[in-house]
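The entries below keep to what I looked up.

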Amino acid sequence: MAQTQVNVPDLGGIDEVEVIEICVQPGDELNAEDALIVLESDKATMEVPAPFAGKVKEILVAVGDKVNSGSHVANMVGVGEESSSVEAVVEDTAKQETPAPVEQATQPKPAAATDNQEIDIVVPDLGGIDSVEIIELSVSVGDTLDAEDSLLVLESDKATMEVPAPQAGKLVSFSVQVGDKVSQGDVVGKLLVAASAPVATPVESKPEASSPASAPSAKPEPVKAASTQTVSAQAPTSSGKVHAGPAVRKLARELGVDLSQVTGTGPRSRIQKHDLHDFVKQRVNNPVASPLTVKGSDEDFSKYGAITEQGLNKIKQVTARNMVASWTTIPQVTQFDEADITDLEHYRKTAMGALLPEGVKVSPLAFIAKACTKALKAFPEFNSSLGPNADTLILKQYYNIGIAVDTPDGLLVPVLKGADQKGVVELASESAELAKKARDKKLPMDAMSGASFTISSLGGIGGTAFTPIVNAPQVAILGVSKASYKPVWNGESFEPRLMLPLSLSYDHRVIDGAQAARFTRYLCELLTDVRHLLL
C-alpha cells in the first residue's frame, strides 16, 4: 500500500484557519469524502475530506493548531496507489467548491432621509453549490437586530453558515422557513433600516472558507453585489447563536437533542461531539432536572403534494411523551432469545383444554406472565426501580405485570396485580377481562398503575423480533413475537420444535448483559417445561 499525504485545500485568500475538530483516528477506514478534520475561520467552517477510500495512517495536527492552504495535515494509504502527494487533486477539488471572490460594487451612501426603508436580505454566494437547506431561523419577525446578528443558518453536506443582518434594523418578514431549499441570490426576508444608514461600503470582500463538495463542479464566476436595496449577506462572526458543524448537527438530530440547550466547549463556544455526549449523559443521570418535550416536524409538506392533517388523541399524545422520556433518559439494550414451547402448546391444547370449564380459554400469554413472576423472584433486580438520585435501587416485593393492549385509540397497559399469587387460569381470565375493558374504553385509571414489569406481545400479529422501549420507572420489558416451527438438533437428528422469540429490553444502569442473558435463559427454561411453573 502506498502512503499519500492530504493537504489543506485552497482557503480562498484566508491566511490561516484553526483546527477545531479531529474526526478520525489512525487506523480508521474511510470512504471518499468522509471528514478528516474540521477547520474554522472567523466567518465559516469547513471539513477537509478524505480524497479517496482508504485507511488513515496518521494525523499530523491537533485541535487548536493553525494551518494554511497546502498544510500537510494527514497521511492515508490506499490499495494499488503509488506514493505521491495529492495536494493538486485536493486543491483542485477545493477550488471548484470554494466560493469565488465576491466583488461588491462601490455604492454611495444614500441621501439622508427622515423615513426608514426596507431592504432585501439575500442568500450569499454559495461557492458553486446549487442549493442549501435552511436548518434554523435564529430570530423572529419583529425582532430588533444589530448588524451581524444571525438571521438564519444554512447547511450543505459539508458545511454550515449563518446569514447575518447586513446592518442594524428591525426584521419585517421572513419569506422562508426551516426545511426550505435556497440558492444564491434568493430573497429570504426584509429588514427595516434607517434611510440614512449605509447599505454597503465600497470594499472588496474576500471569499470565506467553504468545504469541498462530494462531487466536482464548475468554478463559479465572480458575482456582483445587488443594488442598494438588495443586500447580499455574508457569513457572520460569532453572534451568540448555536455554532456547530454538519456532523454535530446530524448527530443532534439523531439523538433528538436541541442544540440551543447544549454548552459548547470549542473555540467561540462551538459545540463539538463530546459536548453532545456529555449533555446526553447528564440527562440520563438527572432525567427530572430538564424533561424533554415531544417535537415533530415543522416542514411544509404541502409543497410536495396533497396532504391531510389528523389530530392525535389523548392516549397517543401521552404515550408519545412517555416513550420520548423513556428513550432519552434510559440507556437501553435488548437481549434476544428463543423458548421451545412445543410441549407447552401441546399441553395447553390437549390435557389442559380438557380440564377447563366450557368457554374458558388460556392463551400462551398467561403462561408467559406466570413464568415472568418466577423469573422476577429469581432475579430481583428486574423487579426494581432506581431511586430519585439514581444512586439507590428500590427492590419491590410485589409482582404486578403490565400487559400492553392494542386498542383502536392507541396502546394501553392494564396491570395484573399480585400476579405471583394467581394461577395460569386466573391470570388468563383476568388479562382477558382487562383487555376487553381497555378496548371498550371502560378501563379505570387505577387499573393501569403500579406495574413493576411489562409484557408487550405481538405474537398474534406476526414478526420475528422487535425492541420494546422500557416503561420508566420500570427497568425491563419483555417483547414476545410470533412462534414458529424450526428444525432443532436433539443430538441425533433434527426435529420440528415450536420456538417463541423473546426480546428483553433493559435499563443498562441497573442490569448488565450477563444478567439479562441469564434472565431470558431462565425464562426460556420455565416455558419449555410447564412443570417448572408448578414448583
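Predicted model: local features only at pLDDT ≥ 70, side-chain atom pairs only at ≥ 80, totals over all residues.

Entry on the length of α9.

Entry on the start of α9. I looked for a cap at the N-terminal end and found D512, which has a side-chain oxygen 3.3 Å from the backbone nitrogen of A514.

Entry on burial in α9. I listed Q515, A516, F519, T520, L523, C524, L526 and L527 as buried, and I noted that the elements covering the buried residues of α9 include the helices α5 (342-349) and α7 (364-378) as well as the strands β19 (332-340), β26 (453-457), β27 (476-480) and β29 (494-507).

Entry on aromatic pairs. The count came to 6 aromatic pairs. One of them joins F379 and F519 edge-to-face, with 5.8 Å from centre to centre and 70 degrees between the planes. This pair links distant parts of the chain, since F379 sits in the loop between α7 and β20 (384-386) whereas F519 belongs to helix α9, 140 residues apart. I found both F379 and F519 buried. I also recorded W489 with F494, again edge-to-face, at 5.0 Å centre to centre and 65 degrees between the planes.

Entry on F494. Is F494 buried or exposed? I noted it as exposed, because its relative accessibility is 56%, and the cut-off for that class is over 50%.

Entry on the cluster. I found one aromatic cluster formed by F379, F382, F453, F519 and Y522.

Key. Residues numbered from 1 in each chain as written. Heavy atoms only, no water. Buried < 20%, exposed > 50% of the residue type's maximum accessible area, 1.4 Å probe, protein only. Helix = DSSP H or I, 4+ residues; strand = E, 2+ residues; numbered from the N terminus. Contact = heavy atoms within 4.5 Å. Polar contact = N/O pair within 3.5 Å; in protein donor to acceptor, adjacent residues only side chain to side chain. Phe/Tyr/Trp six-rings, centres within 6.5 Å; stacked < 30°, edge-to-face > 60°.
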